[in-house]
Amino acid sequence: MRRGGSLARQALMVRVGRRSGDTGRAATATRAEVLYTPSEPVRTLVVPVPVPVAEPETDSISLLPGEHTISRKASFALVNACTLASLGLGLLAIFLAMDGDVRIAAACLVACVGFDGLDGALARKLGVSSPFGAQMDSLADMCSFGLAAPVVVYASLADSVPPAAAAIACAFVAGCAAIRLARFNVSPKDGRFFSGVPTTMAAAVLALTVLIGLDDLPGIALLGGVTMLAFAMVSSFPYAKLARILKLPPWLLLLPVVGALIDPRMAFVLIVATYLASGPVLWMRAKRV
């Protein structure tokens, strides 16, 4: 009986142990559920995605800023007609130089200079200045002053200097004119001085040199003058604008007039040489200050 009773008690202890083990597993599972069950609501992070806005389609770009009234359109057309006239005269100068009419070609270049100054003055006066007009003026200047002027000079020098030397000097003028115009378009503007000699003024000097008959000077002197003028275009020397020159004392402005009455050719050479020398002088004065 004692042995049977002890066996019964052992069986009872085993059953209780299993139940306690099952209970422990159930408790552990319950604890795990509590640990992994979120006590706060799940928050969703919303990242805003930019939606591209479609730009309105335009059929054409307005070349004239501001109001498009009939009077402003007419003024805009007049200004650009002056620019095209300068371009056309430059082409005519090339054709005339190819036919041997060098003096008439030089006169066409002088007319180009006049129309080039006229279109800018009219644009400011009539209030129709525009980026389109500035770019068009720059392209016309390259054709008339960067290409036509060297062609006319080459035609005038062909008989007095070796053709290869004349071609190199004229190609140097064309390259410097392109650099000068490109630099002018991207540089800040100064109301008092030019940075380098403008292409318009350089072309005017070359045209007047041919027109007044300086081509009978020694060939080496002409080539040196053409090369110096080309270098002055791309230099950083300050050259006074016309408005600043007109502010000089009246007696000083009379000297060129008197010189032109005595000897026009010599007076022209002295005026050009003085203006070219003024750039380095002003540059050195600015460096000293």
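**Close-up views of a predicted model**

**View 1. Helices α9 and α10 cross.** In this predicted model, the axes of α9 (residues 250-262) and α10 (residues 264-288) come within 6 Å and cross at roughly 145 degrees. Axes are lines fitted to C-alpha atoms, for helices over the stretch in contact, with angles from 0 to 180 degrees between N-to-C directions. Helices are DSSP runs (H or I, at least four residues) numbered from the N terminus. P256, G259, A260 and I262 of α9 meet P264, A267 and I271 of α10, where contact means heavy atoms within 4.5 Å.

**View 2. Helix α4 bends at A148.** The bend is about 30 degrees, and P150, a proline, follows within four residues. A bend is the angle between axes fitted to the seven residues ending at a residue and the seven starting there. From first C-alpha to last, the 27 residues of α4 reach 38 Å, close to the 39 Å expected at 1.5 Å a residue, taken as 1.5 Å times one less than the number of residues.

**View 3. Helices line the second largest pocket.** Elements giving two or more residues to its lining are α4 (131-157), α6 (199-211), α7 (219-234) and α10. The largest share, 6 residues, comes from α7.

**Notes.** Residues are numbered from 1 along each chain as its sequence is written. Local features need pLDDT of at least 70, side-chain atom pairs count only at pLDDT 80 or more, and totals for chains, interfaces and linings use all residues, while side-chain values use heavy atoms, without hydrogens and water.
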